Amino acid sequence: MATTAALALAAWLASAAVWDLARRRLPNALMLAGGLAAGLALLGPAQPLGLDARAAAGGGLAGLALTLPFYRLRWLGGGDVKFLPVVGLWFGQHLAWIWILGSITLGLHAVAASRAARAPAAPRSLPYGSHMAVAALAVLALQCLRPAA
C-alpha cells in the first residue's frame, strides 16, 4: 500500500517540477491535490515514509515557516509558499534534507543563469518549486530504497 502512495507522491512531485519549469508557477489545484493526498495517506498505512500525523503536521508547519519570510521579501511566489508545506506534510523531518538539496541545486542554477544573463531568452525568475520537487524525489527514492529495519 505504501508503494502505491510513494508512486502517487512521485507523480505529484514530477508534475509540480515540470509545471514550474514550463510556466514558472505552481497551480492551486495541484497544491490542493497534493495536500489532500497527504491527508488521506495519513489515515491509513499508505504513508510512504511511515510518518504519523504529528510528524506530518510538523513538516507542514516547518515548510510554511521556511517560505513565509522569503515570500515577504518577494523572493518567492505564492505557489512556492504553498508547495513546501505540502511537501512537509509528506516528508516530515526529511524536509530539512529537501531544503538543503534544493537550495544547493537552485544556487547552482542561479550561477549558471547569471553567466548566461546576456542571452535574450534568459528567464527573469528561477523555478524554486522544481528544485525542491527534484530534491524531494531524491529523498523519496533514498527512503524507499533503504532496507527495512
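I took helices as DSSP runs of H or I with at least four residues, numbered from the N terminus. Axes are lines fitted to C-alpha atoms over the stretch in contact, and angles run from 0 to 180 degrees between N-to-C directions. The model is predicted, so I noted that local features need pLDDT of at least 70 and side-chain atom pairs pLDDT 80 or more, while totals for chains, interfaces and linings use all residues. Residues are numbered from 1 along each chain as its sequence is written, and side-chain values use heavy atoms, without hydrogens and water.

Entry one: helix 2 and helix 4.
I looked up helix 2 (residues 28–43) against helix 4 (residues 78–91) and found an angle of about 15°, with the axes 9 Å apart. Helix 2 is therefore roughly parallel to helix 4 (angles under 35 degrees count as such). I noted their crossing as left-handed (the near helix is turned anticlockwise from the far one by less than a right angle; clockwise is right-handed). For contact I used heavy atoms within 4.5 Å. Helix 2 contributes N28, M31, G34, G35, A37, A38 and A41, and helix 4 contributes G79, K82, F83, V86, L89 and W90.

Entry two: helix 5 and helix 6.
Which way is the crossing of helix 5 and helix 6, left-handed or right-handed? I found it right-handed. The axes of helix 5 (residues 95–115) and helix 6 (residues 128–145) come within 8 Å and cross at roughly 130°. From helix 5 I listed contact residues including W97, W99 and H109, and from helix 6 Y128, H131 and M132 among others.

Definitions and conventions:
Parallel < 35°, antiparallel > 145°, perpendicular 65-115°, else oblique.
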